Amino acid sequence: MKFLISVLLTALLSFAACLFLPWWVIAVTGFMVAFAIPQKAGIAFLTGFIALFFLWAGLSFWISAANNHLLAHKISLLFIKADNPILLIAITGLIGGLVGGFGGLTGRLSRRLFTR
């Protein structure tokens, strides 16, 4: 139950924070949720990773689908040298997931540091 609450809370806080703050605030939200909700270190990383992977991949797919993936086709040719917008969306989700996961891991390890 804590896992699901952590995933939802991380995703919602990250979405709300990114409306007003820079993109890297997702690491801060992952940190705050993992610091507030006690879990094991691996689970804290997985929580942040899953929440932000699906948030960023979902948002990038939604934005890309609004223009029939025209920009995603061109950007995928530039970055990954292949005309594959779905792979570009997956890479975007992976980047967001790693940032959120490491933010969550840092929050968990900081909690352990302060609660001894």
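These questions and answers walk through a predicted model of one protein chain.

Q: How many helices and how many strands does the protein chain have?
A: The model is predicted. From the N terminus on, its elements run α-α-α-α-α. The count for the protein chain is zero strands and five helices.

Q: What box do the C-alpha atoms of the protein chain fill?
A: The box is taken along the principal axes. Its rough dimensions are 50 × 25 × 25 Å.

Q: What percentage of the residues of the protein chain count as buried?
A: A residue counts as buried under 20% relative accessible area. The protein chain has 116 residues. The share that counts as buried is 35%.

Q: What share of the accessible surface belongs to carbon and sulfur atoms?
A: The accessible surface of the protein chain comes to about 7,200 Å². Carbon and sulfur atoms hold 79%.

Q: How far does helix 1 reach from its first C-alpha to its last?
A: Helix 1 covers residues 2-18, which is 17 residues. At 1.5 Å a residue, the expected reach is 24 Å. The model is close to that, with a reach of 24 Å.

Q: Why are the buried residues of helix 1 on the same side?
A: The buried residues of helix 1 are Ser-6, Val-7, Thr-10, Ala-11, Ser-14 and Ala-17. They lie on the same side of helix 1 because they cover only a limited arc around the axis. An α-helix has 3.6 residues a turn, so residues three or four places apart point the same way. The arc around the axis of helix 1 is only 140°.

Q: Which helices are included in what covers the buried residues of helix 2?
A: Helix 2 has twelve residues and reaches 17 Å, close to the expected 16 Å. Its buried residues are Val-25, Ile-26, Thr-29, Gly-30, Val-33 and Ala-34. Their cover includes helix 1, helix 3 and helix 5.

Q: Which helix gives the largest share of the nonpolar patch?
A: The patch on the surface is formed by Met-1, Ile-5, Leu-9, Leu-13, Trp-23, Trp-24, Val-28 and Met-32. Together they have about 830 Å² of accessible area. Helix 1 and helix 2 each supply at least two of its residues. The largest share, three residues, comes from helix 1.

Q: Is Met-32 buried, partly exposed or exposed?
A: Met-32 lies in helix 2. Its relative accessible area is 43%. Buried means under 20% and exposed means over 50%, with partly exposed in between. So Met-32 is partly exposed.

Q: Which residues is Cys-18 in contact with, leaving aside its neighbours within four places in sequence?
A: Cys-18 is in helix 1. At 29% relative accessibility, Cys-18 counts as partly exposed. With those neighbours left aside, Cys-18 is in contact with Trp-23, Val-25 and Ile-26.

Q: What distance separates the C-alpha atoms of Cys-18 and Trp-56?
A: Along the chain, Cys-18 and Trp-56 are 38 residues apart.

Q: Is His-69 buried or exposed?
A: His-69 is found in the loop between helix 3 and helix 4. Apart from neighbours within four places in sequence, His-69 is in contact with Phe-61, Ser-64 and Pro-85. Its relative accessible area is 18%. The cut-off for buried is under 20%, so His-69 is buried.

Q: Which residues is Ser-64 in contact with, leaving aside its neighbours within four places in sequence?
A: Ser-64 lies in helix 3. At 8% relative accessibility, Ser-64 counts as buried. Beyond those neighbours, Ser-64 is in contact with His-69, Ala-72 and Ile-89.

Q: What distance separates the C-alpha atoms of Ile-89 and Ala-72?
A: Ile-89 lies in helix 5 and is buried, at 10% relative accessible area. Not counting residues up to four places away in sequence, Ile-89 touches Ala-57, Ser-60, Phe-61 and Ser-64. Ile-89 and Ala-72 are 17 residues apart along the chain. Their C-alpha atoms are separated by 8.2 Å.

Conventions: Residues are numbered from 1 along each chain as its sequence is written. This is a predicted model: local features need pLDDT of at least 70, side-chain atom pairs count only at pLDDT 80 or more; totals for chains, interfaces and linings use all residues. Side-chain values use heavy atoms; hydrogens and water are left out. Helices (H or I, at least four residues) and strands (E, at least two) are DSSP runs, numbered from the N terminus. The expected span of a helix is 1.5 Å times one less than its number of residues. Buried means under 20% relative accessible area, exposed over 50%, partly exposed in between (1.4 Å probe, protein chains only). The arc is that of the directions from the helix axis to the C-beta atoms. Contact means heavy atoms within 4.5 Å. Patches are made of residues with over 30% relative accessible area and no salt bridge: like charges are joined within 9 Å, nonpolar side chains (Val, Leu, Ile, Met, Phe, Trp, Tyr) within 5 Å. Accessible areas come from the Shrake-Rupley method with a 1.4 Å probe; for residues, only the protein chains shown count as cover. A salt bridge is a side-chain nitrogen of Lys or Arg within 4 Å of a carboxyl oxygen of Asp or Glu.
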